[in-house]
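Hello,

Here is the structure for your files. My notes on it follow below.

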Amino acid sequence: MRQFFAWLFLIVLMVFLVIGGFEMVHPFGEPPSTMDQYIIDNAQEEAGSNNVVGAVVFDYRGFDTLGEATVLFAAVMGVLLVLRASEKKEET
Amino acid sequence: MTETLIGNFPFVAAVVLMGIALYILIFRRNLIKIVMGITILSSSVNLFLVTLGYRAGGIAPIYTDAPEGPMVLPVVQALTLTNIVIAVATSALILSLVIRIYRHTGSLDSKKSRRMKG
Amino acid sequence: MSKIVRTVANQLMAFVLVFGLYVIMHGHVTPGGGFQGGAIIASGVVMLIVAFGSGQIKKFLRERRLSLVESSGALLFILIAFAGIGTVFFYNFLVGSRIFGGIPPTGSNPGDVWTGGVIPVMNLAVGLKVTAGLSAAVLALALFSSGEEMEE
């Protein structure tokens with residue numbers, strides 16, 4: 001019974017997503033973009049760099065990079081914490 | 001109708017990958033296979049993000065020795081970069097937890113480690 | 001591993017370090033940057049772990065040193081972000097000044113390293129952080145599987 005509902009959910013979700021991929025997204029190759037056109041035109045004067053993606057990651061969207069650095073830090077600390085050999089070998 | 005049927009194919013490829021990943025997450029019980037399903041899910045989202053910002057006949061958004069042509073969208077590529085780094089970090093954390101579970105319960109079946117014991 | 005593998009891994013590590021630092025420091029001219037260069041150097045460290053065994057590498061890369069490098073990378077990133085607090089948080093205050101202050105001409109041009117404002121410094125900080133973090137994670141996984149733990 002549970003397997004029947006799991007299959008039903010998966011098939012309904014996949015049909016909805018495939019139809020959405022064909023109809024609800026913009027045609028491939030013509031994205032509607034005004035913010036990106038402003039960034040491409042003005043990145044060399046305002047940020048002073050040739051690499052527009054680097055300027056977006058560190059200058060126009062620096063807060064996202066700050067959040068990502070925090071997540072990376074927390075995950076590495078989590079790995080080092082979980083993988084410590086326990087001191088007491090005998091547990092009752 | 002047939003224009004969008006053939007032209008929008010990269011979006012549907014990303015959706016098919018997401019379908020495979022959801023099938024693995026619902027129907028498989030081995031813990032390592034579940035970790036692989038999570039990785040495939042984040043890969044499908046990254047593919048969908050990058051193909052959202054493609055301009056027909058576009059070049060890479062770098063001004064150093066750039067050829068002629070319109071540039072593809074750079075903001076979407078920045079989001080994908082962040083997503084890849086976060087996926088690596090969380091996958092390392094999940095794998096370390098799987099190693100601990102295997103040492104504690106002795107099997108990689110997710111049904112055996114479901115109940116919390118003292 | 002055999003003697004050939006160990007010798008070749010020794011010699012190749014110098015090239016991996018130079019290439020990784022090149023990708024980090026040219027992040028504002030060519031494709032690349034802090035995250036990509038940090039992943040390159042971390043994969044070089046993984047090559048050394050596979051060639052020499054984790055027991056020998058743990059004497060050289062201790063936990064305290066890797067933690068220090070990673071925390072200093074994160075602190076440098078936040079200090080640079082706070083340094084432009086006169087206008088706004090994350091303000092690019094080095095554009096037009098003497099260090100890293102050139103402005104490239106509009107359109108396609110051969111790139112100059114002394115441009116970019118505050119971006120090369122942030123690339124260096126993030127590169128240090130990602131290198132130390134990924135190396136520590138892989139070293140901890142390798143040591144736990146063989147039954148030891150990281151040295152202080």
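In chain C, 39% of the 152 residues count as buried. Keep in mind that this is a predicted model.

First, the make-up of chain C. It holds five helices and zero strands. Read from the N terminus, the order is α-α-α-α-α. The radius of gyration of chain C comes to 19 Å. The globule rule gives 15 Å for 152 residues, and 19 Å is well over that, so chain C is more spread out than a compact globule. Along the principal axes, the C-alpha atoms of chain C fill a box of roughly 55 × 35 × 20 Å.

Next, contacts within chain C. Take the pairs whose residues are at least 6 apart in sequence. Of these contacts, 69% join residues at least 24 apart.

Now the contact between chains A and B. Chain B puts in 39 residues, and chain A puts in 37 residues. Which elements of chain B give two or more residues to the side that touches chain A? They are helix H1 (2-7), helix H2 (9-27) and helix H4 (74-105) of chain B. H4(B) supplies the largest share of that side, with 15 residues.

What about the classes of residue on the side of chain B that touches chain A? There are 27 nonpolar residues, 10 polar ones and two charged ones.

To recap: chain C is built with five helices and zero strands, and it is more spread out than a compact globule. On the side of chain B that touches chain A, H4(B) gives the largest share.

Best wishes

How values were computed:
Residues numbered from 1 in each chain as written. Chains lettered and ligands numbered in written order. Predicted model: local features only at pLDDT ≥ 70, side-chain atom pairs only at ≥ 80, totals over all residues. Helix = DSSP H or I, 4+ residues; strand = E, 2+ residues; numbered from the N terminus. Rg over C-alpha atoms; globule rule 2.2 N^0.38 Å. Buried ≥ 20, exposed ≤ 12 C-beta atoms within 10 Å, placed from the backbone. Contact = placed C-beta atoms within 7 Å. Nonpolar A, V, L, I, M, F, W, Y, C, P; charged D, E, K, R; others polar.
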